[in-house]
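I opened my notebook to work through this structure piece by piece. My plan is to go from the overall layout down to single residues.

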Amino acid sequence: MNIEELEQIAVNVRQENEKYDYEVNVCMDLACVSQGSDQLREALAKAAEASGKRVLVRRTGCMGPCSSGPLVRVDPEEVLYRRVKASDAGAIVASLGDEPVPSLQCDLREHFDRQMRVVLENAGHIDPEKIDDYIARDGYKALLKALTEMTPNDVIQLLTESELRGRGGAGYPTGLKWGTVAKAGSDLKYVVCNGDEGDPGAFMDRSVMEGDPHRVLEGMAIAAYAVGASKGYIYVRAEYPVAVDRLTTGLREARRKGFLGNNICNTHFSFDIEIRLGAGAFVCGEETALLASIEGRRGNPKPRPPYPALSGLWGKPTLINNVETLANIAPIVRKGSEWYSSMGVGRSKGTKVFALTGKIANTGLVEVPMGITLRQIIEGIGGGVPDGHSFKAVQTGGPSGGCIPNELLDLQVTYESLVQAGSIMGSGGMIVMDDTSCMVNVARFFIEFCMSESCGKCIPCRAGTAQMFTILTRICSGQGHMDDLDLLVDLCGTIKETSLCGLGQTAPNPVLSTLRYFRTEYVEHILNKRCPAGVCAIEAPVEVLA
Amino acid sequence: MSAFTPPALPSDDKRWKIVNGTMRKNGFARYALIETLHTVQSSFGYLDDDAIRFVALSLRVPLSQAYGVATFYHYFSLKPPGKHTMTICLGTACYIKGSAKLMAEAETHLGIAQGETTKDKLIGLVQARCVGACSRAPVVVSDGEVAGEMTGEQVIEQLERWVAE
């Protein structure tokens with residue numbers, strides 16, 4: 001495969017598409033499928049055939065605004081239809097070449113205009129199971145460019161200059177990580193893609209793997225070239241069977257086209273990828289636990305150093321990157337580091353994908369430039385809290401993050417500012433809570449999660465989270481004491497300082513952040529035996545003796 | 001060193017051949033333990049002692065380690081599933097939108113706790129930590145079919161449909 005052949009495939013796809021006057025794109029992501037987009041696509045295909053019009057019905061990955069699903073977008077007019085039922089197929093096909101169907105049409109310009117799509121640029125536009133669709137949108141150009149025009153060092157230099165940081169949540173500079181693995185001397189190195197999106201309430205990586213699988217594969221191949229790896233693994237949650245299917249298809253097609261395997265694109269570079277299934281353990285998102293799991297063992301983390309970059313999978317230097325980080329690689333190589341670092345602010349460059357869920361009008365997947373304020377995301381893109389309720393908090397970073405209150409909504413989204421606010425960037429879950437959510441109950445929910453997901457290897461995490469859970473349960477049932485609050489803070493400190501891995505070190509964050517911003521709710525539970533949100537079941541107040 | 005001979009298949013049930021296939025594909029390497037247990041679970045529905053023993057012996061993994069892995073990961077079940085399975089998602093987005101109430105209603109209706117199967121082995125009730133359909137919370141998966149924005153009534157209706165079948 002060379003650049004001319006690649007261009008030829010793109011030309012062929014364009015010529016094929018020109019045979020059609022209209023493209024009807026149907027979102028086939030989980031949220032839309034759960035509302036019947038499968039039957040809808042069949043109905044559209046049938047109606048299109050019967051109409052005699054030249055219509056291409058294409059299934060695509062996530063278009064974004066899931067709450068309006070099932071979504072259909074008609075190109076080239078870019079008309080977006082929402083909540084489309086199979087029975088609407090006839091009307092949509094009949095309207096082609098005429099005025100759009102008004103009852104189904106939706107105007108989400110405000111929703112989309114404030115976004116900036118880099119990672120998600122193909123999702124909703126390509127059939128994820130067709131490699132040619134991906135190639136027609138500049139796919140694999142970056143790999144070819146890296147292999148034929150750049151040295152591995154050039155690639156690492158480019159990434160360093162782009163200031164891309166790990167999108168798994170911690171924000172480690174990607175270029176620096178790649179450089180460390182590249183410098184490690186070894187005959188065998190690995191590249192691992194972390195697709196174990198265990199953070200409940202987040203589905204960005206699932207949508208990327210399902211909607212644009214080749215983006216991830218291309219990123220991995222470029223990474224392997226840069227660090228000198230010959231073998232790669234994608235570690236995917238078993239709970240994501242569709243992602244596994246799409247990646248399997250993607251791997252097969254990429255091998256057939258010569259983007260994976262021996263002598264990729266007629267160069268000396270050889271690299272192949274295998275899929276490894278997770279089995280439902282949150283701790284396996286931690287890199288050393290993930291590696292243990294790939295090796296077929298229990299997901300117990302190991303003390304670092306040595307870091308996986310020097311001694312990882314089977315003791316060999318291993319580069320581990322999150323799905324979204326890898327999905328950023330190809331566009332950076334294609335368009336350059338200046339283009340990338342022109343987006344974002346301060347030390348947080350580029351864009352970030354968030355899964356916007358909870359009590360918000362437009363739930364779904366959004367991609368925004370770093371530095372945007374939380375208010376712009378929640379009130380602008382998300383459409384605010386529905387049903388006349390009032391906003392209370394937004395939770396980022398999942399069980400490792402914290403709850404950010406109303407008064408901090410003008411905070412810019414950067415790695416540093418979120419940490420300052422007591423939360424973390426995390427992998428991208430953003431859960432909005434309104435006045436019907438009890439913050440003590442939410443803290444208890446997260447601690448219960450961490451308690452049951454603790455691998456049990458180190459005591460602070462194993463026993464500490466259990467103690468915190470007991471105390472929080474006591475407070476939620478109206479049996480707490482004011483001393484409990486100090487005890488909680490004390491425990492949080494111990495667990496943070498002394499746990500072995502990220503799970504334990506960050507587990508106290510939901511408790512600390514709710515104590516910081518919603519202390520009155522804790523006090524209300526303890527002193528007045530009352531849950532302000534009416535969530536906790538507290539027995540009628542009883543007289544407490546002295 | 002004498003060549004290792006994998007143990008004979010536990011029975012002539014064809015599903016063991018599928019399990020063996022996964023191990024052979026991985027050259028009977030120890031790291032194939034989790035992959036193989038996945039195949040056992042997808043073929044038999046759960047992992048029983050015989051299966052874990054067979055896989056451990058075939059891959060030359062200590063029994064303790066195989067059992068350790070089987071119990072460490074939530075995805076593996078050591079009990080046979082019911083004829084139907086209802087999975088209620090208790091991920092954060094679903095929890096915020098009241099999935100704990102759905103779970104409580106299902107538990108009361110079936111008279112079992114989450115993680116259990118009804119006495120007649122008809123319906124198993126399990127919780128998920130997030131199925132990734134958060135935008136449609138609260139989410140319930142009935143025999144693999146994902147449904148969003150579920151209410152208590154819809155959960156009970158589904159359970160009754162299975163009983164009436």
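**Entry 1: layout of chain B.** I read along the sequence of chain B and noted the pattern α-α-α-α-β-α-α-β-β-β-α. That is seven helices and four strands. Helices (H or I, at least four residues) and strands (E, at least two) are DSSP runs, numbered from the N terminus. This is a predicted model: local features need pLDDT of at least 70, side-chain atom pairs count only at pLDDT 80 or more, and totals for chains, interfaces and linings use all residues. Residues are numbered from 1 along each chain as its sequence is written, while chains are lettered from A and ligands numbered from 1 in the order in which they are written.

I looked up the extent of chain B next. Its C-alpha atoms fill a box of roughly 65 × 30 × 25 Å, taken along the principal axes. Of its 165 residues, 41% count as buried. A residue is buried if 20 or more other C-beta atoms lie within 10 Å of its own, exposed if 12 or fewer, and partly exposed in between; the C-beta atoms are placed from the backbone.

**Entry 2: the sheet.** In what order do the strands of the open sheet in chain B lie? I found β2-β1-β3-β4, with mixed pairing. Two strands pair if DSSP finds at least two bridges between them. The edge strands are β2 (123–128) and β4 of chain B, and each pairs on one side only. Neighbouring strands are turned by 20° against each other on average, direction ignored.

I then followed one pair. β1 (residues 84–89) of chain B and β2(B) run parallel over six bridges. T85(B) stands opposite G124(B) in β2(B). Helix α7 (residues 152–164) of chain B packs on the sheet and touches β1, β2 and β3 of chain B. Its direction makes about 170° with that of β1(B). Helix α6 (residues 99–110) of chain B lies across β1, β2 and β3 (140–142) of chain B, at about 150° to β1(B). Angles run from 0 to 180 degrees between N-to-C directions, and axes are lines fitted to C-alpha atoms, for helices over the stretch in contact.

**Entry 3: two helices of chain B.** I checked how α3 (residues 49–59) of chain B meets α4(B). Their axes come within 9 Å and cross at roughly 125°. That makes α3(B) oblique to α4(B). Angles under 35 degrees count as roughly parallel, over 145 as roughly antiparallel, 65 to 115 as roughly perpendicular and the rest as oblique. I52(B), R53(B), V55(B) and A56(B) in α3(B) meet L63(B), A66(B), Y67(B) and A70(B) in α4(B). Two residues are in contact if their C-beta atoms, placed from the backbone, lie within 7 Å. By class I noted seven nonpolar, no polar and one charged residue in this contact. Ala, Val, Leu, Ile, Met, Phe, Trp, Tyr, Cys and Pro count as nonpolar, Asp, Glu, Lys and Arg as charged, and the others, Gly among them, as polar.

Which residues of α4(B) are buried? I found A66(B), V69(B), A70(B) and F72(B). What covers them includes α2 and α3 of chain B.

**Entry 4: where the chains meet.** I found 32 residues of chain B in contact with 36 residues of chain A. On the chain B side, α2 (33–44), α4 (63–72), α5 (92–96) and β4 (145–147) each supply at least two residues. That side has 20 nonpolar, eight polar and four charged residues.

Entry 5: Most residues other than glycine have a negative phi, and most peptide bonds are trans. I looked for exceptions. A cis peptide bond joins D75(A) and P76(A), with omega about 5°. P76(A) sits in the loop between β3 (72–75) and β4 (79–81) of chain A. Another cis bond joins P305(A) and P306(A), again with omega about 5°.

C265(A) has a positive phi of about 50°, although it is not a glycine. Is C265(A) buried or exposed? C265(A) is buried, with 20 other C-beta atoms within 10 Å. F28(B) also has a positive phi of about 50° and is not a glycine. F28(B) lies in the loop between α1 (15–25) and α2 of chain B, and is partly exposed, with 15 other C-beta atoms within 10 Å.
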